[in-house]
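Please read this briefing alongside the sequence and the 3D view.

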Amino acid sequence: MKDIEQQWAQWMQAAVGGDTVSYRRLLDALAPYLRDYVRRRLRAYGRGQDDVEDIVQEVLLAVHLKKHTWDGERPIVPWVRAIAVHKTIDALRRHGHRINVPIDDVLDDLPAEDTEPPLRASEMERFIAPMRGRQRDVLKAIALDGLTISEASERLQMSVGAVRVALHRGLAALAAAYRETDA
Amino acid sequence: MNTDDLIRSLVQDQETARATQVRRIASMTGLCGIGLSLAMLGVILGVRPDAGTALQSWRLPFKIMVVGVLIATSVRAYARAANPESLRVRSLGLLLLAPALLFGGVIFELLDGPSSEWLLKVAGKNPTLCLIAIPCLSIAPLIGLLMGQRHGAPASPTLAGALTGLLAGSLGAAVYILRCTDDSPLFVAIWYMTAILIVTGAGGVIGRKLLCW
């Protein structure tokens, strides 16, 4: 666990400094870890596993938007777990469940070696449709159609700078949209 | 959307590579708030005329020190609150330092004159002004500091809001010191602390809604 902790911390430090390769590696490593962690959390709360992938994506989005709240001096795994717990509880509350948060986090936090693949794709797409024009178009192009920023700027006839801004605002709006839902 | 697509988008979103640290933003917006409060004080109330004589007693320096300690410990708690990991009790414990000092001052004051004067010292010259002015002078800092905290990811939005209110209240109190002519620790313990707690409570209520992430 300590090696992984150090590796992730290294990748995150690099990512915050602008290293996209390290950032990609970090997020790719976080996804299966989070999937496993959220599954076990839901099981511990006695809830079904339908929303696992949605929650995993919400956590990744939060990790991305709030990565500057990680204090580089402190361990990164507890920080990631804290976000995961927060978002899991949010998701469950949105569905109308009353959650009593256990005081101790008694769950083991070893990342799983083999994790089951996602059960189904998430519902994140349905939040994109009602968004404002530019943000919606950019998110569609980049997140759904898989374009790069330069490709998106060509297709949408926007400057690269404008695409970047719209992407960032779109992602922030996506996070906010989750908060407002009552499934 | 599958997770891989999301990850790809996140990696491309370099806008967040720029520092949006709570500290950085809160310093700017907080200072603006303080500046506004100082302007408010200057225009509406003005500075106390008897500062020179007042400084000769131990009370005014002591009052300044207590509020200063409160600000310092509140800043620390406010910054820690931006983290998704729950605040440790230790971090909050430090907040008791200012009240503890104040308590010491209260004891000293009670012993520093006849008991017949105690009630007079508690009542002071203008408690109503204090109760109104400190929250009013805290509004601009509160708004600025809340804006800063919105960039954080607090484990408890309510607690983070309350700590923001506490800091804003302390700053409002600090500005009010420039005008306030009531220096007795007895006065400060009742009226200043009540006013600051009002702002703290307001911060908690607002934070519950505003600081979700």
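His64(A) lies in helix H3 of chain A, residues 52-65 (helices are DSSP runs of H or I, at least four residues, numbered from the N terminus). The model is predicted: local features need pLDDT of at least 70, side-chain atom pairs count only at pLDDT 80 or more, and totals for chains, interfaces and linings use all residues. Residues are numbered from 1 along each chain as its sequence is written, chains are lettered from A and ligands numbered from 1 in the order written, and side-chain values use heavy atoms, leaving out hydrogens and water.

**Around His64(A)**
- His64(A) is buried, with 0% relative accessibility (buried means under 20% relative accessible area, exposed over 50%, partly exposed in between, with a 1.4 Å probe and protein chains only).
- Its side chain makes a polar contact with the side chain of Tyr23(A), at 2.6 Å (a pair of N or O atoms within 3.5 Å; within protein, one must be able to donate a hydrogen and the other to accept it, and residues adjacent in sequence count only if both atoms are side-chain atoms).

**Between the chains**
- The contact involves 46 residues from chain A and 32 residues from chain B (heavy atoms within 4.5 Å).
- Across this interface there are 14 residue pairs in polar contact, both residues at pLDDT 80 or more.
- One salt bridge is counted between chain B and chain A (a side-chain nitrogen of Lys or Arg within 4 Å of a carboxyl oxygen of Asp or Glu).
- Asp4(B) forms a salt bridge with Arg24(A), and their closest N and O atoms are 3.4 Å apart.

**On chain B**
- Val43(B) belongs to helix H2, residues 22-45.
- Val43(B) is exposed, at 72% relative accessible area.

Definitions and conventions:
Helices (H or I, at least four residues) and strands (E, at least two) are DSSP runs, numbered from the N terminus.
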